Amino acid sequence: MTRAGRRYGAGVEQRISLITLGVADVARARAFYERLGWHGQEVEETVFFQAGGLAVVLWGRDKLAEDAGITDRSDDGFGGITLAHNVRTRDEVDGVLAEAADAGATITRPARETFYGGYAGCFADPDGHVWEIAHNPGFTLAPDGALSLPDFGQV
């Protein structure tokens, strides 16, 4: 197998291909992310954004719930999930948070020092999906933005 398709023992490959955000209004959500500088492509009322080695997808929340076979019990967008966007410097954290606020995000936690020696803050998009913007000096970012986790020294 190729390195990208390598399996680590039995089980499912350790990767994520798409993150789909259920949104109340696809056009509004697309406009928000495009104000952040992202470039989307719309196909059948679904917007796809290439995000490094994966894609972030915007789809109607009702359609997403139906497709997943669940009953949507909340409209706050949180759902117990936070998306993270790591950057290379502390200044970039402040810059991304400012751009998000200018695009219509709600800053849910201003940037501050973290317990791990980094710097991070959070915003919610217009549908309530929470994004953490973080500088973690222990995580390496490749030129394309791919994150490499360090060896945490655990067996």
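## Overall architecture

The model described here is predicted. The protein contains three helices and ten strands, and, read along the sequence, these elements follow the pattern β-α-β-β-β-α-β-α-β-β-β-β-β. Along its principal axes the C-alpha trace spans about 45 × 40 × 30 Å.

Of the 155 residues of the protein, 30% count as buried. Among contacts between residues at least 6 apart in sequence, 48% join residues that are at least 24 apart.

## The sheet S1-S4-S3-S2

Four strands form an open sheet of mixed pairing, in the order S1-S4-S3-S2. S1 and S2 stand at the edges, where each has a single partner strand, so one side of each is left without a neighbour in the sheet. From one strand to the next, the twist averages 25 degrees. Helix H2 lies across S1 and S4 and runs at about 105 degrees to S4.

Strand S2, residues 40-43, pairs with S3 in the antiparallel sense over four bridges, and Gly40 has Phe49 as its bridge partner in S3. Two residues lie between S2 and S3 in their hairpin, and Glu44 in the turn has a positive phi of about 50 degrees. S3 and S4 also run antiparallel and are joined by six bridges; in S4, the bridge partner of Val47 is Leu58, while that of Phe49 is Val56. The hairpin of S3 and S4 likewise has two residues between the strands, with Gly52 in the turn at a positive phi of about 65 degrees.

Setting aside residues up to four places away in sequence, Leu58 touches Leu21, Val23, Ala29, Arg30, Tyr33, Glu45, Thr46, Val47 and Phe49. Val47, one of these contacts, is also the residue whose bridge partner in S4 is Leu58.

As a point of reference for distances across the model, the C-alpha atoms of Leu58 and Leu149 are separated by 27 Å, the two residues being 91 apart along the chain.

## The sheet S5-S8-S7-S6

A further open sheet is formed by four strands in the order S5-S8-S7-S6, again with mixed pairing. S5 and strand S6, residues 106-113, stand at its edges with a single partner strand each, so one side of each is left without a neighbour in the sheet. Neighbouring strands of this sheet are turned by 15 degrees against each other on average, direction ignored.

Strand S7, residues 119-124, pairs with S6 in the antiparallel sense over five bridges, and Glu113 stands opposite Tyr119 in S7. Helix H3 lies across S6, S7 and S8, and runs at about 10 degrees to S7.

## The largest pocket

Rolling a probe the size of a water molecule over the atoms shows where empty space is left. The largest pocket holds about 1400 Å³ of space. Its lining consists of 38 residues, among which Ala51, Ala84, His85, Asn86 and Gly145 lie nearest the centre.

At least two lining residues come from each of strand S3 (46-51), strand S4 (54-60), strand S5 (82-86), helix H3 (90-103), strand S8 (130-135) and strand S10 (147-148). By class, the lining of the largest pocket divides into 23 nonpolar, nine polar and six charged residues.

## The second largest pocket

In the second largest pocket there is about 380 Å³ of space. This pocket is lined by 19 residues, and those closest to its centre are Thr20, Gly22, Arg61, Leu64 and His129. Strand S1 (18-23) and helix H2 (61-68) are the elements that give two or more residues to the lining.

The lining of the second largest pocket comprises ten nonpolar, six polar and three charged residues. H2, which contributes to this lining, is also the helix that lies across S1 and S4.

Conventions. Residues numbered from 1 in each chain as written. Predicted model: local features only at pLDDT ≥ 70, side-chain atom pairs only at ≥ 80, totals over all residues. Heavy atoms only, no water. 1 Å grid on protein atoms, 1.4 Å probe; cavity = no way out; pocket = protein on both sides within 12 Å on 5 of 7 lines; lining within 4 Å. Points joined across faces, edges and corners; volume = space filled by probe spheres on them. Nonpolar A, V, L, I, M, F, W, Y, C, P; charged D, E, K, R; others polar. Pairing = 2+ DSSP bridges. Contact = heavy atoms within 4.5 Å. Axes fitted to C-alpha atoms, helices over the stretch in contact; angles between N-to-C directions. Buried < 20%, exposed > 50% of the residue type's maximum accessible area, 1.4 Å probe, protein only.
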